[in-house]
Amino acid sequence: MKERLTYLYELQLIDNQLDELEQLRGDLPAIVNELNSQLNGLMESIASKDHQKTEAQERRNSNETEIDTLSQDVKRFKSQLSKVRNNKEYDALTKQIDFAEDKIKALIKENVDLENQAEILKNEVTELSPRVDELQVEIKDKESELKKIIQANEREEAIFLEKRKAVAERVKKNDLNTYTRIRKACDGVAVAVVFRKACTGCNNVVPPQRQLEIKQNKKLYTCESCGRLLISEEIANEVKSKLKF
Ligand SMILES: [Zn+2]
């Protein structure tokens, strides 16, 4: 049993080192992510505006074609006016002319609106575009900064990862699952020590009877307050002097 507890604490100490290395990267990974998602959002917005602009242009073109057709209709109707034989025919023709002319007017107005809309979209794209360049430069800077930090610690990290792998292989599968679960829930610290009668994870006092049991290193106990695994000071000291960090 003592071995099980020892391996768990070894794992915790190695993970602490790895966490520290990760902390050196600070907010950089998050910042890079955030900048990348800003850039993606911006590119999407620009693409959508470009698309709307193209659609407006296409609509204008098709309106132009319709205006041409209608104008020819009007011309034809007007030439027919002179040949009408009665009022009924005359009325029918003028109605058709009015209808076509109204439609032409509406289409012309729509095209003016579409042109304005396209102009607005074009301006918006022009306004957004420099930000794309800015973001790309910012991302490149932050990424190279992050790369430098990662490279500086690469060797150290590789050593700890190797150690971690070796220890994790010795930890029982169930223990490893428990450890991983608690570590996730408790801010990276899954294994705490009973030190000066209290849990080092949450500083709450461990009941005296429980303290005695933990000292015997015979069972896996968890802290009643924070839920972390608890080990004795004896194991903690042994592991610390073995790992030397
Ligand atoms: Zn606790």
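**Terms and their grounds**

Guide: Let us start with Glu154, which is found in helix H3; helices (H or I, at least four residues) and strands (E, at least two) are DSSP runs, numbered from the N terminus. This is a predicted model, in which local features need pLDDT of at least 70 and side-chain atom pairs count only at pLDDT 80 or more, while totals for chains, interfaces and linings use all residues. Residues are numbered from 1 along each chain as its sequence is written.

Visitor: Why is Asn217 called partly exposed, and why is Asp187 called exposed?

Guide: Asn217 has 16 other C-beta atoms within 10 Å, so it is partly exposed. Asp187 has 11 C-beta neighbours inside 10 Å, so it counts as exposed. Asp187 lies in the loop between helix H4 (173-185) and strand E1 (191-195), and has a positive phi of about 60° without being a glycine. Asn217 lies in the loop between helix H5 (208-215) and strand E3 (221-222); this residue, also not a glycine, has a positive phi of about 55°.

Visitor: Why are H2 and H3 called roughly antiparallel?

Guide: The axes of H2 (residues 28-81) and H3 (residues 87-170) cross at roughly 165° and come within 6 Å. Angles over 145 degrees count as roughly antiparallel, under 35 as roughly parallel, 65 to 115 as roughly perpendicular and the rest as oblique. The two helices are therefore roughly antiparallel to each other. The residues of their contact divide into 31 nonpolar, 13 polar and 19 charged (Ala, Val, Leu, Ile, Met, Phe, Trp, Tyr, Cys and Pro are nonpolar; Asp, Glu, Lys and Arg charged; the others, Gly among them, polar).

Visitor: How many helices and strands does the chain have, and how do you know that it is more spread out than a compact globule?

Guide: The chain has six helices and four strands. Its radius of gyration is 38 Å, well over the 18 Å that the globule rule gives for 245 residues, so the chain is more spread out than a compact globule. The radius is taken over C-alpha atoms, and the rule is 2.2 Å times the number of residues to the power 0.38. Those atoms fill a box of roughly 120 × 40 × 30 Å along the principal axes.

How values were computed:
Axes are lines fitted to C-alpha atoms, for helices over the stretch in contact, and angles run from 0 to 180 degrees between N-to-C directions. A residue is buried if 20 or more other C-beta atoms lie within 10 Å of its own, exposed if 12 or fewer, and partly exposed in between; C-beta atoms are placed from the backbone.
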